[in-house]
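Welcome! Here are a few notes to read alongside the structure as you get to know it.

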Amino acid sequence: MTVVDAATDPKLLRSTFGCFPSGVTAVCALVDGEPVGMAVSSFTSVSLDPPLVSVCVANTSTTWPRLRDPARLGVSVLGESHDVACRQLSARDGDRFAGISWRASDVGALFVADSAAALECELVREVAAGDHLIALLRVHALSSDTNVTPLVFHHSRFRQLVAH
């Protein structure tokens, strides 16, 4: 393995980060009665007590500023059938929710239908982290469906999990 200074080759850095497969989530809420959301692949569990998760968001995101203010955010762990929905939720233009089934909680968290898991969260804190920020979210309610296989993102492509 050849070692390269990460700061000198951002393309290689992105490719190397892509070696780690991740699930894909949708972070969504109702804002002024309209669905607002985005796809996020940098999601992780943080703590059981208190129940915390985190997502990383690019500082250049135009969607995140709209999602900061709602009392609750919906985090949907997307299923392998959500590849088109994921691409729509990642788009810069157009109706991100066209053709996507969703439901909202009483407090405005929005969830993509048929997801592997749904977490109703509250933004606790943002931490600056280079060209991204880490959003720390407290989980208030959740559900999961073990029959839904999660969507996996690896080397800039969607993959399927296969049991061995």
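The points below go through a strand residue, a set of paired strands and a helix, in that order.

1. Please keep in mind that this is a predicted model. With a relative accessibility of 0%, V27 counts as buried, because buried means under 20%.

2. Have a look at what surrounds V27. Beyond its neighbours within four places in sequence, V27 is in contact with several residues, among them V36, V55, W64, L73 and V75. V27 and L110 are 83 residues apart in sequence, yet their C-alpha atoms are 7.9 Å apart in space.

3. Next come the paired strands. Strand β6 (residues 73–77) pairs with strand β9 (residues 117–129) in the antiparallel sense, over five bridges. Here G74 stands opposite E120 of β9.

4. On to the partner β10 (residues 132–144): it runs antiparallel to β9, and twelve bridges join the two. R125 stands opposite L136 in β10. β9 and β10 form a hairpin with two residues between them, and G130 in the turn has a positive phi of about 65 degrees.

5. Finally, which residues of helix α3 (residues 83–90) are buried? They are A85, C86 and L89. These three cover an arc of only 100 degrees around the axis, so they sit on the same side of α3. The face turned away from that buried side carries V84 and R87, which are exposed.

6. The buried residues of α3 pack against β2, β3 (34–40), β8 (110–112) and β12 (157–159).

Note on methods. Residues are numbered from 1 along each chain as its sequence is written. This is a predicted model: local features need pLDDT of at least 70, side-chain atom pairs count only at pLDDT 80 or more; totals for chains, interfaces and linings use all residues. Side-chain values use heavy atoms; hydrogens and water are left out. Buried means under 20% relative accessible area, exposed over 50%, partly exposed in between (1.4 Å probe, protein chains only). Contact means heavy atoms within 4.5 Å. Two strands pair if DSSP finds at least two bridges between them. Helices (H or I, at least four residues) and strands (E, at least two) are DSSP runs, numbered from the N terminus. The arc is that of the directions from the helix axis to the C-beta atoms.
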